[in-house]
Amino acid sequence: MTNEFVALIANIALTLSVIVAVIFGIAQVKTTRKDRRERFTLDTLRTFQTKEFAEMLHYVSRIEVPASANEWTTWTEDDQVRFVHLTQQMEAIGLLLAEKLISIDLLDKTLGSFVSSAWEKCRALITDLRKKNDDPHLAEYFQWMAEQIELRMKEKPRKPFYLSSKTAI
């Protein structure tokens with residue numbers, strides 16, 4: 001064996017090991033992304049299961065949201081805090097959706113039309129607060145998420161699971 005032949009074999013071995021390392025790295029990144037998404041999905045589901053979240057859903061379903069920032073200031077401080085909490089929760093979920101950390105399927109299956117109906121209730125007030133505070137970003141992910149859910153429900157309505165799955169586990 002000549003030195004050139006040994007060098008060629010060494011270069012081939014080095015090239016193959018780099019290729020294997022790149023493939024392994026890509027596989028690891030994909031696995032990490034999947035694990036991260038699953039973790040966010042489980043965390044989001046846990047959030048939906050809390051008493052605090054249930055109280056927030058109940059609260060928004062029974063209140064009459066003011067149409068302007070001036071009317072909103074007449075609310076009690078407690079109601080104002082609840083409203084801000086609602087918009088923060090919806091904003092956080094919308095951000096997770098926009099960053100593709102949770103899927104729209106999860107949102108459709110868990111909150112569904114609540115997202116769009118809550119946005120419709122809050123739209124006038126949030127729009128006025130955006131103008132008053134000169135903040136076009138206020139509740140931007142909440143609005144975007146509600147529009148995505150509304151669009152999905154029109155374009156791809158989902159059958160209730162009990163109607164779509166007749167097989168035994």
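Arg-123 is partly exposed, with 33% relative accessible area. Here buried means under 20% relative accessible area, exposed over 50%, and partly exposed in between (1.4 Å probe, protein chains only). This is a predicted model, in which local features need pLDDT of at least 70 and side-chain atom pairs count only at pLDDT 80 or more, while totals for chains, interfaces and linings use all residues. Residues are numbered from 1 along each chain as its sequence is written, and side-chain values use heavy atoms, with hydrogens and water left out.

Start with the partner of Arg-123. Its side chain meets that of Glu-120 in a salt bridge of 2.5 Å, N to O. A salt bridge is a side-chain nitrogen of Lys or Arg within 4 Å of a carboxyl oxygen of Asp or Glu. Glu-120 is partly exposed too, at 47% relative accessibility. Why are Arg-123 and Glu-120 separated by about one helical turn? They are three residues apart in helix α6. Helices (H or I, at least four residues) and strands (E, at least two) are DSSP runs, numbered from the N terminus.

The structure holds seven salt bridges. Another of them joins the side chains of Arg-152 and Asp-105, at 2.2 Å from N to O. Arg-152 lies in helix α7 and Asp-105 in helix α5 (residues 104–110), so this pair ties together parts 47 residues apart in sequence. Arg-152 is buried, at 17% relative accessible area. Asp-105 is partly exposed, at 34%.

Now move along helix α5 to Asp-108. The side chain of Asp-108 meets that of Arg-158 in a salt bridge of 3.4 Å, N to O. Arg-158 sits in the loop between α7 and α8 (161–164) and Asp-108 in helix α5, so the pair links parts that are 50 residues apart in sequence. Asp-108 is buried, with a relative accessible area of 8%. Arg-158 is partly exposed, with 41%. Through shared partners, salt bridges join Asp-105, Asp-108, Arg-152 and Arg-158 into one network.

Next come the rings. The structure holds three aromatic pairs. Rings of Phe, Tyr and Trp (its six-membered ring) pair if their centres lie within 6.5 Å; planes under 30 degrees apart count as stacked, over 60 as edge-to-face and the rest as tilted. Trp-75 is buried at 17% relative accessible area, and Phe-83 is buried at 2%.

Trp-119 and Phe-142 form another edge-to-face pair, 5.2 Å centre to centre, with 80° between the planes. Trp-119 lies in helix α6 (residues 113–133) and Phe-142 in helix α7 (residues 140–155), so the pair ties together parts 23 residues apart in sequence. Trp-119 counts as buried at 1% relative accessibility. Phe-142 counts as buried at 0%. Back at Trp-75, an aromatic cluster brings together Trp-72, Trp-75 and Phe-83.

Which residues form a positive surface patch? They are Lys-30, Arg-33, Arg-36 and Arg-39. Patches are made of residues with over 30% relative accessible area and no salt bridge; like charges are joined within 9 Å, nonpolar side chains (Val, Leu, Ile, Met, Phe, Trp, Tyr) within 5 Å. Lys-30 lies in helix α1 (residues 3–48). Lys-30 is exposed, with a relative accessible area of 56%.

Notes: Accessible areas come from the Shrake-Rupley method with a 1.4 Å probe; for residues, only the protein chains shown count as cover. Lys and Arg count as positive and Asp and Glu as negative; His and the chain ends are not counted. The place of a charge is taken as NZ of Lys, CZ of Arg, CG of Asp or CD of Glu.
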